[in-house]
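Hello,

Here is the structure for your files. My notes follow below it.

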Amino acid sequence: MCSYAFKNTVNLYRQNGSHVFCCFIDFNKAFHSVDYWLLFCKLLDCNDTNECYLTTRLLAYWYSHQQMFVCWQNIQSECFGIANGVRQGSLLSPFLFRFYIFDLLKAVVSSGIGCCVAGTFINILAYANDIVLMAPSWRGLQKLLGILEEASTAIGMTFHTKKTVCMIFNPCDKRKIICSDFPQFVLAKCNLTFVSQFKYLGHIIEHSFSDDADISRELKSLFARTNLLIRRFARCTSNVKVKLFRSFVLCFYDIALWNNFQLASLKKLASGYVKSLKLFLDFPNIAVSLRC
């Protein structure tokens, strides 16, 4: 949904003859930089019920008393405490991180700068620590970067400026392109790099808004998953193989985002799908007519 909102917002501005300037933000160790006590204070401010208060106290106890140790070649170090950060990969961490950066998101949205659709500002999209800023003008995005930097300083988060990149989307009507060379954006006193392609939430986005590169990525992933199944489950029965293929290989969750591609790219994906199924079911020389 986050990628869908991003692509539709950008495409709406492009079709109406406007440039769109985007910046994909990368924080330095986002989950590890979370200040426990600032997080708990934010949780208490957002929730004033007795149950939420008890839950916050429980989390505060957990995080303040957790101990870690290093294990290397069956030798364990002495235990030590951790002063900040939420566990990366935990189901609870993105939920807590949302509260931690809530004021940051609010500062950007309430600025009244950036892309706006039907009276609603869509100038920032955040999926956990994957954040993207959007504005229809160069100056607008630079102002949003300044607001984001100020809000990030307040919660003790810094930017990885080498991985933070920008992208420019031109209008669909080439006659409305005002310039092809824009100055670099500045964040934390560093110049940001312009890119023509970026992988956002697993989906490859190109400045030309073509989905051919993402289709190619999906094709490579299809072959990789199929080869893994062949190595591990080649001796299983056909029914088991079909079940595995459905659950593990047919993971085309992002194909609904494809709306601008060449027919040849889609045909390659279809051909790769048939080839993968035939190889996994060990029918290399006959057509496959199974419904998956």
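Which residues in H7 meet which residues in H9? Asp212, Ile215, Glu218, Leu219, Leu222, Phe223, Thr226, Leu229, Ile230 and Phe233 in H7 meet Ser265, Lys268, Leu269, Gly272, Tyr273, Ser276, Leu279 and Phe280 in H9, where contact means heavy atoms within 4.5 Å.

This is a predicted model, in which local features need pLDDT of at least 70 and side-chain atom pairs count only at pLDDT 80 or more, while totals for chains, interfaces and linings use all residues. Residues are numbered from 1 along each chain as its sequence is written, and side-chain values use heavy atoms, with hydrogens and water left out.

Helices H7 (residues 212-233) and H9 (residues 263-280) pack with their axes 10 Å apart, at an angle of about 5°. The axes are lines fitted to C-alpha atoms over the stretch in contact, and angles run from 0 to 180 degrees between N-to-C directions. H7 and H9 are therefore roughly parallel to each other (angles under 35 degrees).

The chain has nine helices and 15 strands (DSSP runs: H or I of at least four residues for helices, E of at least two for strands, numbered from the N terminus). Of its 292 residues, 37% count as buried (under 20% relative accessible area, 1.4 Å probe, protein chains only).

Thr161 sits in the loop between helix H6 (138-154) and strand S10 (165-169). Thr161 is buried, because its relative accessible area is 18%. Leaving aside neighbours within four places in sequence, Thr161 is in contact with Leu187, Ala188, Cys190 and Leu192.

Regards

Methods
Angles under 35 degrees count as roughly parallel, over 145 as roughly antiparallel, 65 to 115 as roughly perpendicular and the rest as oblique. Buried means under 20% relative accessible area, exposed over 50%, partly exposed in between (1.4 Å probe, protein chains only).
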